[in-house]
Amino acid sequence: MPATFTRATQVEPERRDTGIGGKPPVDRRPTGGGGEGDNWDNRPPGRRGPREMLTRYRLAMTFALAGDMMFFVALVSAFFVRQASGHIDASNNYVSDWRPLSIPPILWLNTAVLVLSSVAIEMARRQLFREIDVMEEWFGLGKPTVRRATPWLIASGLLGLVFVAGQWIAWQQLYAQGVFYSTDPNSNFFYLITGAHAVHLILGLMAIAFALVALRTLKRIEYRQIAVDCTAWYWHAMGIFWVFLFGLLAFFQ
Amino acid sequence: MNPDPSAPATARIARTRLFTTDHRVIGIQYLLLSLAAVAIGTVLSLLMRIHLVWPNLAIPFLGQIKPEDYLALVTMHGTLMVFFVLTTAPLSGFANLVLPAQIGSPRMALPTANALSFWLTAFALLVLLAALIVPGGAPISGWTAYPPLSAIAAAGPGQALGMDLWLASLAIFCVASWLGAVNILATVLGERCQGMTLTRMPLTVWSWLVSSLLVLICFSVLLAAALLLFSDRHLGTSFFLPMGDLVAGHVYSRGDGSPLLWLHLFWFFGHPEVYIAILPGMGIASSIVANFSRRPVLGYPMMITTTVLIGLLGLVVWGHHMFVSGMNPYAGTAFALTTMAIAVPSTIKVLSWLGTLCGGGLRLATPMLFAMGFVSLFIAGGLTGPLLAQPALDAYLHNTYFVVAHFHLIMAMAGVFSIFAGIYYWFPLMSGRLMSEPLGKLHFWCTLLGAYATFFPMHFAGLAGEPRHYSQLAGTTAGLQQLLPLQRGITHAAIFLAAAQFLFLANIVWSVKHGKRSSCNPWQSTTMEWARPIEPESKLVQSSAVEAASYGHRQKACRGPYEYGIRSDRSDFIMQCDSGAKPE
């Protein structure tokens, strides 16, 4: 039987929902907007356009970070309460065991490094969304976004490592002054806040490492976008948290 | 997703039943976890009740209960019930079971995080239970773990390793709840089907949304507080340790820490936690009351508003747990005002339930009985809320049985009734069968009677000044001696209440195998979890996979969630996804 171009019955198979909409994951939407059926949010899940899955993970990341922010808010409010919790002694003097702490100057440098790291990861993130590159990858012609984003991502990770190392040095400098975790309430909070933040940063470094691996191994550009985008959001949030926490430690003692 | 039929049976069962990312199976897993926790917690409470009235009785296997054992029982009972029953079952359990279907989504937004959340919760339960068997036993500082007793290992037998396990369990539970809440929020906000606008969501979905927001906000704070307490215990800090703290003959004087700080952090978590436990119950009650009285929910937009309002106000009332803690009295006044303000949305909710009931064609099936029981207990327990919100009254009542009566009626019993209502209502979605109605009704009446008989007399004990947290009341003063018959009655009622739950267990065991096969949409409900065909439990995973592949895409919400009793001709309800029926 000769090959034919058409079949008698053409049944479109039910596609498995990938949640990525089957369109190239760029910002541009197909029409100028406003037409019938143009409201992508109104479509069933899995058919809401190229950025549906990205939006889902961004939404989850935003909520996760909101919860994380409450964690730091609790620590900071404890900081203020503890700062104000002195007592009146027998001779009617106000006694407080809160002593100021000289912040190691290297923290200023660390802050600058973390800001640079944030800039670097933002550069990496943007490489994943340049339309001409995304289209090239989506058609399977090459991996320009991977090529361009990798150096920025590595730079961001290295700067993050430098920050953590810098925090370590700051702790060593305080040790040298004889200021340890349990020395006084102020040092409690200094180590606790910097330590909790450092744990978050180490998780972030692991996320960056994961994103680097993901850039190489994930088959679809959509997934690579998600890996880098969510890592970047997390990293930015940690940068912003640090700026506030550092401001607290430096100026509100 | 698709179970491979050629794989070995055990591996397949492990993948499809145990380590699955299917939200409905996870929901059932959560409910079973809660069942285990509630069974243990109930046994512990019975031991407490028996010891209170027969202090010299030697319990088989345990011997006589010492005062510190009694406090350990208090701690474990409270922790198990609050975290692993009242948080886990209504929020995580039911939301996983029906939330995606109710909003027309084939799956949760983050199925893997969801499964991880369940396994962390299970691990947290094991860590907590381990505290019962370690040397020294369980912690004795109550589920609120007030420092300095909770901060110093020498404070009591359970305060060393047991307290550490308690803290670890709570920290793991915080992370697990946080993951689960992120998943629910992302699902509700991002995965709704076409037409499912926010103002068409069933009230259960609204309540899970608000509860998840509260989880996100307040469990993070509990985690921070647990970290600080851990640091006080092991790293030589003094966040919560006051100056010159004398514990067990030894002065601990590290710094000028503030035990009040723990109270603030803990109750900032602890009060929203109450609403996390009860909001889903309110949603379930609204849905079930509307369904079984065949009337739309009275004031549906108002019910959304009050749900959100209760969530918001719930965040600013924590100080009413601290009226007698030495907090600034002006702060007490502010917290008294916010606490009384929260009675307003709660009352609106009660009026809506009663208004929906009024004039409806009542169908008194078991889920409806339990929903009405919920309303009854919510009113009975809620009325004492504004009393306790007065700092002056609370000063007298705070450490008495009055408070025990209050929160056991409004949180524990109302919460459990809503869980029962949900299980009787959604059982067909879990097993493909209906639960036995005669057994269910018997269970309801016994439980209702037992609940009131157990907890209502506690008001009188509290008004007479009987303190809570005391392991032994006999022989102290003449006044308390007179209350002993009352307490004996309470213990008998508690044993009756616990025994009545065997009816529930028997009903489940019997109904899973022999219950009446459920037809499609057995309760003639409007919400979309009933839109798909009912499958037996063994087909659950497979059908989920099929649903995810095809069925989910076709879901569409065409109308509001509670269109009951609108038309009298064909049927008196229109399902949300019913596109054929024209609205009136």
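**Reading a predicted model, chains A and B**

Student: In what order do the elements of chain A run from the N terminus on?
Tutor: This is a predicted model. Chain A has six helices and two strands. From the N terminus on, the order is α-β-β-α-α-α-α-α.

Student: In which element of chain A is confidence highest?
Tutor: Chain A averages a pLDDT of 85, and 81% of the residues score at least 70. Confidence is lowest in strand E1 (residues 87–88) of chain A, at a mean of 82. The highest value, 96, belongs to helix H2 (residues 106–127) of chain A.

Student: How many contacts beyond four places in sequence does the model have for residues 30–35 of chain A?
Tutor: The pLDDT over residues 30–35 of chain A stays under 50. Where pLDDT is low, the predicted coordinates should not be read in detail. For residues 30–35 of chain A, the number of such contacts is two.

Student: What share of the residues in chain A is buried?
Tutor: A residue counts as buried if 20 or more other C-beta atoms lie within 10 Å of its own. Of the 253 residues in chain A, the buried share is 36%.

Student: How far apart are the end C-alpha atoms of helix H6 (residues 203–234) of chain B?
Tutor: Helix H6 of chain B has 32 residues, so at 1.5 Å a residue it should span 46 Å. The distance in the model agrees with this: 45 Å.

Student: Is H6(B) mostly covered or uncovered, and which residue just after it takes a positive phi?
Tutor: H6(B) is mostly covered, with 30 of its 32 residues buried. Just after H6(B), a positive phi of about 70 degrees is taken by B:Gly236.

How values were computed
Residues are numbered from 1 along each chain as its sequence is written. Chains are lettered from A and ligands numbered from 1 in the order in which they are written. This is a predicted model: local features need pLDDT of at least 70, side-chain atom pairs count only at pLDDT 80 or more; totals for chains, interfaces and linings use all residues. pLDDT is the predictor's confidence in each residue, from 0 to 100. Helices (H or I, at least four residues) and strands (E, at least two) are DSSP runs, numbered from the N terminus. Two residues are in contact if their C-beta atoms, placed from the backbone, lie within 7 Å. A residue is buried if 20 or more other C-beta atoms lie within 10 Å of its own, exposed if 12 or fewer, and partly exposed in between; C-beta atoms are placed from the backbone. The expected span of a helix is 1.5 Å times one less than its number of residues.
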